[in-house]
Amino acid sequence: MSFTIAIIGRPNVGKSTLFNRLVGQKLALVDDEPGVTRDRREGNARLGDLEFTVIDTAGLDEGAKGSLTARMQEQTETAIELADALMFVIDARAGLTPNDRAFADFARRANKPVVLVANKSEGRHGEVGAMESYALGLGDPIQISAEHGEGLSDLYDALAALMPEPAEEGEEFDDDDIIVSDEELAQRPIRVAIVGRPNAGKSTLINHLLGEERLLTSAEAGTTRDSISVEITWQGREFRVFDTAGLRRRSRIEEKLEKLSVADALRAVRFAEVVVMTMDAQNRFEEQDLRIADLIEREGRAIVLAVNKWDLMERKTHLISALRSDADHWLPQVKGAPIVAVSGLMGEGIDRLMTAIQDAYAVWNKRVPTAALNRWFEQAVDANPPPAVSGRRLKLNYITQAKARPPSFILFCSRADAVPQSYLRYLTNSMREAFDLPGTPIRITLREKANPFAHKRKRPS
């Protein structure tokens, strides 16, 4: 049975550091600035032999109704409702504050088991603050240092006392003996990253897919900081969708926190299988959009172009067809990439978007039979032979597919360093049309065929 623990407390007490320590990865952004975490984030935690789900939350803080701070607290309240137990974290070095006392009452009213954690307890200063926490009436404080990994054995004992006894295990078997069929592989969740410039409507789009206000949204650019993953099921197919921070031009990124957010977004792109590049319908195909699309292509991920906020556009029949020609003009490196007009706020085009994601995923995984590949190759070379370089003819022997995800090919030739990039682009575009590979990145690696006579010495003249 799954056991869920929510980490709560005021801002900047080390909740995200503790979350990262428990999940064993640096998933949550950590910085000295208070209020870094905004959305709630879930992860699979492990402490000794204890396995549970842990939820990182925004710092409990007061704010006017409807404000971003108030909605952050609503996210925390939702996490508390979902949890089986709470870890109430205080900063032992700072000692108790009025906010700690107020939110301790809030934790008690949740009517759930509470583990009081005095973080940053290393050294004499931390010892004093930990003693003060007895005044909260939440039991004995567990003194830890999440950053340095101290005191986790005491935290283990406290959590073990709360968690249910594990069910009796049946006969053991070796997982390596299980054969996973292609059908089972096809049912694994597709990892999708939603990226784009700030305020392009990424979080709003994901909220509509979920059917709830799972992610914070605001008219203010830069609301999202962490890359938050959510599970979505659409027409029986499972997806793991990552919301990311908006990507601005590098020259405009000055604050350390934004640099961390951008790095987190780039990690999400590398981890994803399909990347949805979201553009504002009123300001589409701007320079930064083109840079982001180029980044996705270089990372070798399947790409889907989503033109968001389509409900704000004047309805004209030619606009939809114009999107296709604009995409091919501005993004020739991913020619034919699916492009969908959507409205995250109104829910328009969501079904088309999810279909496009699955289609792009299928193309990204496509393999071309070797016989068909070399028949095409002969025809393509005959139709347009490679140019002579330095007066010497280039000889292209044959081509084979090395792998999929993305489709990658090895071209054997006589002089690999002399093949022009323009000729490789010709082969790539011809291959897209011949084997129906729209939009997906295509990799062609040149390799020189071994010369069987290279080891023989030349005859003396």
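Residue A85 touches F3, T4, I5, A6, P113 and L162, leaving aside residues up to four places away in sequence; contact here means heavy atoms within 4.5 Å. This is a predicted model, in which local features need pLDDT of at least 70 and side-chain atom pairs count only at pLDDT 80 or more, while totals for chains, interfaces and linings use all residues. Residues are numbered from 1 along each chain as its sequence is written, and side-chain values use heavy atoms, with hydrogens and water left out.

A85 is found in strand β4, residues 85-91. Helices (H or I, at least four residues) and strands (E, at least two) are DSSP runs, numbered from the N terminus. With a relative accessible area of 1%, A85 is buried; buried means under 20% relative accessible area, exposed over 50%, and partly exposed in between, with a 1.4 Å probe and protein chains only. One of the contacts of A85, L162, is 77 residues away in sequence, and the two C-alpha atoms are 7.9 Å apart in space.

The chain as a whole gives the setting. The protein chain contains 13 helices and 15 strands. Of its 461 residues, 49% count as buried. Among contacts in the protein chain with a separation of 6 or more, 70% come from residues 24 or more positions apart.

Helix α5 covers residues 152-162 and includes D157. D157 has a relative accessible area of 48% and is therefore partly exposed. Between D157 and I142 there are 15 residues in sequence and 9.7 Å in space, C-alpha to C-alpha.

R197 sits in the loop between β7 (190-196) and α7 (202-210). Its relative accessibility is 16%, so R197 counts as buried. Not counting residues up to four places away in sequence, R197 touches K202, G246, L247, T278, D280, N283, E286, Q288, D289 and I292.

L205, H208 and L209 of α7 make the contact with I350, L353 and M354 of α11. By class, the contact of α7 with α11 has five nonpolar residues, one polar and no charged. Ala, Val, Leu, Ile, Met, Phe, Trp, Tyr, Cys and Pro count as nonpolar, Asp, Glu, Lys and Arg as charged, and the others, Gly among them, as polar.

Helix α11 itself runs over residues 350-364, which makes 15 residues, and reaches 21 Å from its first C-alpha to its last, close to the 21 Å expected at 1.5 Å a residue. The expected span of a helix is 1.5 Å times one less than its number of residues. Buried residues in α11 are I350, L353, M354, A356, I357, A360, Y361, V363 and W364. An α-helix has 3.6 residues a turn, so residues three or four places apart point the same way.

The crossing in which α12 passes α13 is right-handed; a crossing is left-handed if the near helix is turned anticlockwise from the far one by less than a right angle, and right-handed if clockwise. On the α12 side, A372, L373, W376, A380, V381 and A383 meet Y423, Y426, L427, S430, M431, A434 and F435 of α13. The residues of this contact of α12 with α13 divide into twelve nonpolar, one polar and no charged.

N111 lies in the loop between α3 (98-109) and β5 (114-119). Phi of N111 is near 60°, a positive value in a residue other than glycine. With a relative accessible area of 71%, N111 is exposed.

R405 belongs to the loop between β13 and β14, and P406 lies in the loop between β13 (396-403) and β14 (408-413). The peptide bond from R405 to P406 is cis, with omega near -5°. Phi of R405 is near 60°, again a positive value in a residue other than glycine. R405 counts as partly exposed, at 33% relative accessibility.
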